[in-house]
Amino acid sequence: MNTHYDVLIINGDVVDGTGSARFSADVAISGERIAHVGDLSRATADKVIDASGLIVSPGFIDAHTHDDRLMLSDGDMSPKVSQGITTVIGGNCGISLAPMPRNIPDPVTPPLNLLDEQGGWFRFRSFAQYVDALSARPAATNCAMLVGHSTLRVATMDDVTKAATASEIAAMRELVIEAMEAGAIGVSTGLVYPPAVAAPTQEVIEVCEPLARYGGIYCTHMRDEGDRVIESLDESFLIGRQVGVPVVISHHKVVGVQNHGRSAETLAHIADHMTRQPICLDCYPYDASSTILSAKLVANSTRVTVTWSKSLPEMAGLDLSEIARRMNLSTEQAIEKLLPAGAIYYRMDDADVQRILRFDDTMIGTDGLPHDEKPHPRLWGSFPRVLGHYSRGLGLFSLEKALHKMTGLTAGKFGLIDRGVIRQGAFADLTIFNEQTVGEAATFAQPVAASIGIAGVLVNGSVVWEEGRPSGQRPGKVLRREHLPADTVQ
Ligand code: ZN
Ligand code: CU
């Protein structure tokens with residue numbers, strides 16, 4: 001074929017994201033899309049990338065992020081594109097940057113402070129204003145955004161320690177409608193967190209009610225991931241059934257030593273319910289979690305490391321026990337001194353992590369916290385860790401299967417059309433990497449590090465990462481969820 005393209009990626013092994021076996025092929029790009037896949041030895045292009053000895057995969061889709069603000073404040077998205085991620089799902093765990101129709105409380109209500117501790121970024125009065133800002137100054141990655149129930153509560157309620165009144169529910173529902181009209185893909189909850197813990201199941205159902213007619217999705221950081229994990233799964237499934245939308249169980253895990261091993265039970269329970277309603281889940285590949293510092297979470301962890309502290313910033317990176325020892329305080333007193341703060345909690349079992357990763361409908365997400373001083377290494381390392389440590393190293397699954405969990409599966413579950421696959425006509429979101437060397441460089445001790453083996457990353461046909469650094473191009477788009485009654489909306 002004697003044709004001229006914008007970009008040619010030649011001599012690579014293509015893994016197309018569907019889970020099918022790899023094949024040798026060249027990939028041609030015209031504009032934002034893949035123009036051809038096959039033997040293109042006679043074609044020419046403005047830019048030719050030689051992928052000899054390398055894998056050419058669909059760009060990775062990060063199923064679970066807190067990148068709402070990062071896309072605006074550091075649009076190169078280095079923690080993400082450096083590990084091959086080309087699309088992020090934002091607004092998770094009940095925390096979205098928008099909408100905030102009134103001034104955010106000072107200090108910012110935890111865990112909303114994970115997005116912005118100062119509060120100035122919570123300035124988008126409507127979800128449409130936020131989407132406009134993302135579109136006016138695009139990031140390097142695409143995004144698809146959820147609207148957070150905790151954000152809605154902080155935005156509409158005078159006392160978030162109570163159940164919402166009928167008029168507060170109505171106000172939240174109006175904000176959900178506005179967000180869905182503006183392009184949100186669904187609602188997230190974080191029912192374990194202070195601003196939402198008082199919300200009864202029925203409140204969530206009523207707030208989420210508009211989702212069905214917009215073809216939205218419900219993503220949840222459940223009320224309990226420990227002793228009451230089965231009850232929390234049932235609550236999540238009930239919400240999905242009542243609202244009539246698919247459910248995503250966020251960062252599925254079982255926490256606390258007494259619950260180690262119970263992923264066998266939770267996954268069987270999920271699989272059973274999947275026969276009756278649409279459910280999927282995401283997972284990050286580590287046996288430690290991370291969020292705001294709280295005594296409740298410290299109680300069921302074997303070790304805790306502080307990731308940031310507003311009052312004692314110099315303590316970031318130290319273990320809580322070490323901080324208490326240095327300050328000659330009890331653990332409880334040390335927590336009080338550090339707040340507001342963030343932490344890493346060692347409280348899972350790797351056998352559970354492996355079992356959850358292996359589950360057919362588990363997507364990969366980072367759950368990275370990009371504004372932490374000493375972040376959990378999942379922010380920079382999750383995807384290469386699945387490919388290197390869990391797939392190549394432990395043989396948990398094939399490379400093709402691992403990549404499906406990062407691409408085609410995720411695009412399908414989130415309704416991202418023409419993404420997550422390599423085929424003619426799909427968007428040219430692509431990641432080129434070395435399967436022999438790919439792996440995370442970020443560690444708990446040194447958490448900020450670009451991954452190993454990622455040779456090049458393209459978003460919508462533009463190179464965003466090559467030779468170990470961001471290219472400076474920012475071709476990202478705000479993606480909508482494609483669904484059947486799409487044409488009835490607007
Ligand atoms: Zn969460
Ligand atoms: Cu999260």
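**Residue classes and conventions**

In this report Ala, Val, Leu, Ile, Met, Phe, Trp, Tyr, Cys and Pro count as nonpolar, Asp, Glu, Lys and Arg as charged, and the others, Gly among them, as polar. The structure is a predicted model, in which local features need pLDDT of at least 70, side-chain atom pairs count only at pLDDT 80 or more, and totals for chains, interfaces and linings use all residues. Residues are numbered from 1 along each chain as its sequence is written, chains are lettered from A and ligands numbered from 1 in the order in which they are written, and side-chain values use heavy atoms, with hydrogens and water left out.

**The largest pocket**

Pockets and cavities are found on a 1 Å grid over the protein atoms alone: a cavity is a set of points where a 1.4 Å probe fits but cannot get out, whereas a pocket is an open set with protein on both sides within 12 Å along at least five of seven lines, and lining residues have an atom within 4 Å of a point. Grid points are joined across faces, edges and corners, and a volume is the space filled by probe spheres set on the points. The largest pocket has a volume of about 520 Å³. Its lining comprises 32 residues, of which Val192, His221, Lys296, Leu297 and Arg347 are the closest to the centre. By class, the lining divides into 13 nonpolar, 10 polar and nine charged residues.

Helices (H or I, at least four residues) and strands (E, at least two) are DSSP runs, numbered from the N terminus. Strand E13 (288-292) and helix H10 (295-299) each contribute at least two residues to the pocket lining, and E13 gives the most, with four. The pocket lies between domain 2 (60-287 + 347-413) and domain 3 (288-346), because both give residues to its lining; the domain bounds come from an automatic or database domain assignment.

**Enclosed cavities**

Two cavities of 30 Å³ or more are counted.

Met71, Leu134, Pro138, Ala139, Thr141, Cys143, Gly476, Lys477 and Val478 form its lining, with six nonpolar, two polar and one charged.

Burial is assigned from relative accessible area (buried under 20%, exposed over 50%, partly exposed in between; 1.4 Å probe, protein chains only). In helix H3 (residues 127-136), Phe127, Tyr130, Val131 and Leu134 are buried. Seen down the axis of H3, these buried residues fall within an arc of 95 degrees, so they line one face of the helix; the arc is that of the directions from the helix axis to the C-beta atoms. An α-helix has 3.6 residues a turn, so residues three or four places apart point the same way. On the other side of H3, Asp132 and Ala136 are exposed.

Contact means heavy atoms within 4.5 Å. The buried residues of H3 pack against helix H1 (70-73), strand E8 (142-148) and helix H5 (166-182). In H13 the buried residues include Asp352, Val353, Gln354, Ile356 and Leu357. Those of H13 pack against helix H9 (263-274), strand E12 (279-283), strand E16 (362-364), helix H14 (378-393) and helix H15 (399-406).

**Loop residues and backbone geometry**

The loop between strand E7 (85-90) and H3 contains Asn113. Asn113 counts as buried, at 4% relative accessibility. Not counting residues up to four places away in sequence, Asn113 touches Val108, Ile292, Trp308 and Pro340. A cis peptide bond joins Ala98 and Pro99, with omega about 0 degrees, and another joins Pro110 and Pro111, with omega about 5 degrees.

Most residues other than glycine have a negative phi, and most peptide bonds are trans. Met77, although not a glycine, has a positive phi of about 55 degrees. Met77 is found in the loop between H1 and helix H2 (78-81) and is buried, with a relative accessible area of 0%. Asn460 also has a positive phi, near 50 degrees. Asn460 lies in the loop between strand E18 (454-459) and strand E19 (462-466), where it is buried with a relative accessible area of 4%.
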